[in-house]
Each structure stands twice: as C-alpha cells, then as structure tokens.
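Subject: Structure for your files

Hello,

Here is the structure I said I would send. My notes follow below it.

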Amino acid sequence: MYGAMDGAIRGNMFRQVQERWLEWQKLFLSIIPFPEISAARAMPMAIDAVPNPEIHNGLAVQMIDEVRHSTIQMNLKKLYMNNYIDPAGFDITEKAFANNYAGTIGRQFGEGFITGDAITAANIYLTVVAETAFTNTLFVAMPDEAAANGDYLLPTVFHSVQSDESRHISNGYSILLMALADERNRPLLERDLRYAWWNNHCVVDAAIGTFIEYGTKDRRKDRESYAEMWRRWIYDDYYRSYLLPLEKYGLTIPHDLVEEAWNRITNKHYVHEVARFFATGWPVNYWRIDAMTDKDFEWFEEKYPGWYNKFGKWWENYNRLAYPGRNKPIAFEDVD
Ligand SMILES: [Fe+2]
Ligand SMILES: [Fe+2]
C-alpha cells in the first residue's frame, strides 16, 4: 500500500489522472469506509448467533479485515486530498457524508449490515448478497475503470480489499447452509434474500453504475458498459452459478427480482436516472460533475440505445447551467 502510494506520487499520477474520475471519488470515498466498519461491527452479531467455533474464527478474522478495509480507504482519500489539484471536497468527506443527501444513501446501505436480526443483517444482507455479489462491481469493475482513467492507486487498495472477500463469502455460505438445516428457517431466509437482493441492487447499482458510466473519460466502444459488467459479474457469476444451485436445498430464489433488476438496468435506464438525480443536486454537492460531450453522447447511445432521446437534451442544459459562460469545450480537459 505504502509502496503504491509512493509510486503514485513519484510517477506524477496526480498530474495524469482524469479530473472527471477523481471528482466522483470525493463522493465514493466519503461513503465506503462506513459500510466497511459496519461490516466489522456485523461480525460480533454473527458470532453471537452461530454456535460453531470454527466459524467464529473465520468471523473474527473477517472483523479484523473489515477494520483494515475502512482504514486503508481513509488513508487513500487523505493522500488524494494532499496531492490532487482540487482537494476541496476530500477535506470534508466525513462531514459531508453525514450532512449531504448523497451520504444518506450510502449510510442506509452500511446500516443494513448491522440493523435487525443477526442472520438477516450480518449474513444474508452483508455476506451472502453484498459481499458475494456486489463487491464484484464495487471492487473489481470499478478499479478497472479507475486504471483506465489514470488512477492506478485505487486498484491497489481495492484489490487488496477484495482479496479478503473469498473467505467472507465462505463464512456466509456455511452459515446459510447451517440455517437451512432447520426447515423452520426456510421462509425467513427467503424473505431475507428478497429484501437483501433488492436493497443491494438499488444502492450499489445506483452508486457504482454512476461512477463507472459518468465518471469515466474512456469511451472506447469495446469498453464494457456497467450493464455488460453486471451481466457477467452478477447475473452469470452470482445469480446463475451461486444462487440457482441453492434451490437444490429447497430455498426459493427471488428470480423475479433478479430479472427486474436487469430490466431496470437495461430497459428502464436506472443508472442514467440516478446520474441525472446526482447532477440535479450539483449546487449542494461536494464534488464536481463534469459536463458531457458529444463523445460521451455517442458512447451512451451505442451502449444504451434510446439514451440520447431521453437524456441528451437534459445534459445539454446541464452543461449550460452548471458551467455558465463557457463555450465549447466545456468538459474537463482530456489528459494525454
Ligand atoms: Fe470490506
Ligand atoms: Fe468483506
């Protein structure tokens, strides 16, 4: 970690990173340490609920991991604050997280890990759904996009976080199977799974979808869209290869909610609605949202047919309102 940070400074990363990308990190890095520390706090809840010493060990180590995740992310944003050309926003991320409307969304996600029944919150919501499914877009797909925008420090930090997840996933899976051994738990687990799936989809896809689609300068046509990443990481890898086999054990999977999430991401433009929502908040945001250019419009139209008709005019108006008095080009300059 420290080696990577040194490398970023010596390699002049902060002169080469895309502003469009790093601005969104002010929001993301204000939110994410809290879900991490909530994950740490969820572990004692799970330990209390599960009568198995081997799993206690796994959960105790997970607790230590999650403290580490929160700490290295706090450290990362401090480095950004110290070195990025516009530190405003990074300096108040914890305060802004508490006071700003956008922080509320992230807080609600992290509070889901520690609110209510231990199996519902710490195992199904956090481990079986958030960590097993959605950390793939959070900590694998997003670092990919960071690197494409000249930020090679964030991937080092977040891949180190993601490397812990395989054990966390095993903890969650074993507790799920343990609970399934008692038939009376089945309807409760099915209820939990519906709640956890839908809530994770609403929050994570809103945030990470927006960072990846609107925080990037990489408009290569062969670059995967968030929808394409979601299809691979969540629909195929999680839903089809992890959730579906659970039906062998008599657990009914929320197929309808998985399909509806996919439908929202592709046909209902969920991520684009959310990006527009955040951009509408620009006067009270603590990060800057870049203007969209013709190159962006073209990419969106290619990846999400019908996008321009629905959102194009709106972004043209946004460009004029949020960046008044500027003629073209109004977007943050491309960094070579
Ligand atoms: Fe974590
Ligand atoms: Fe984790």
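**Two loop residues**

Asn12 sits in the loop between α1 (2–10) and α2 (13–16); helices (H or I, at least four residues) and strands (E, at least two) are DSSP runs, numbered from the N terminus. This is a predicted model, in which local features need pLDDT of at least 70 and side-chain atom pairs count only at pLDDT 80 or more, while totals for chains, interfaces and linings use all residues. Residues are numbered from 1 along each chain as its sequence is written, and chains are lettered from A and ligands numbered from 1 in the order in which they are written.

Asn12 is not a glycine, yet has a positive phi of about 65°. Asn12 counts as exposed, with 10 C-beta neighbours inside 10 Å. For the terms used here, a residue is buried if 20 or more other C-beta atoms lie within 10 Å of its own, exposed if 12 or fewer, and partly exposed in between, with C-beta atoms placed from the backbone.

His269, in the loop between α13 (255–266) and α14 (270–280), is another residue other than glycine with a positive phi, near 55°. His269 has 18 C-beta neighbours inside 10 Å and counts as partly exposed.

**The chain overall**

The chain has 16 helices and 0 strands. Its radius of gyration is 20 Å, close to the 20 Å that the globule rule gives for 336 residues, so the chain is as compact as a globular protein of that length. That radius is taken over C-alpha atoms, and the rule is 2.2 Å times the number of residues to the power 0.38. Of the 336 residues, 44% count as buried. Of the contacts between residues at least 6 apart in sequence, 81% join residues at least 24 apart; two residues are in contact if their C-beta atoms, placed from the backbone, lie within 7 Å.

**Helix α15**

In α15 (residues 294–303), Asp296, Trp299 and Phe300 are buried. Seen down the helix axis, these buried residues fall within an arc of 100°, so they line one face of α15; the arc is that of the directions from the helix axis to the C-beta atoms. The face turned away from the buried side carries the exposed residues Asp294, Lys295 and Glu302. Part of what covers the buried residues of α15 is α16 (307–322).

**Ile119**

Ile119 belongs to helix α8 (residues 118–148) and is buried, with 23 other C-beta atoms within 10 Å. Leaving aside residues up to four places away in sequence, Ile119 touches Ala49, Ile124, Ala179 and Asp192.

Regards
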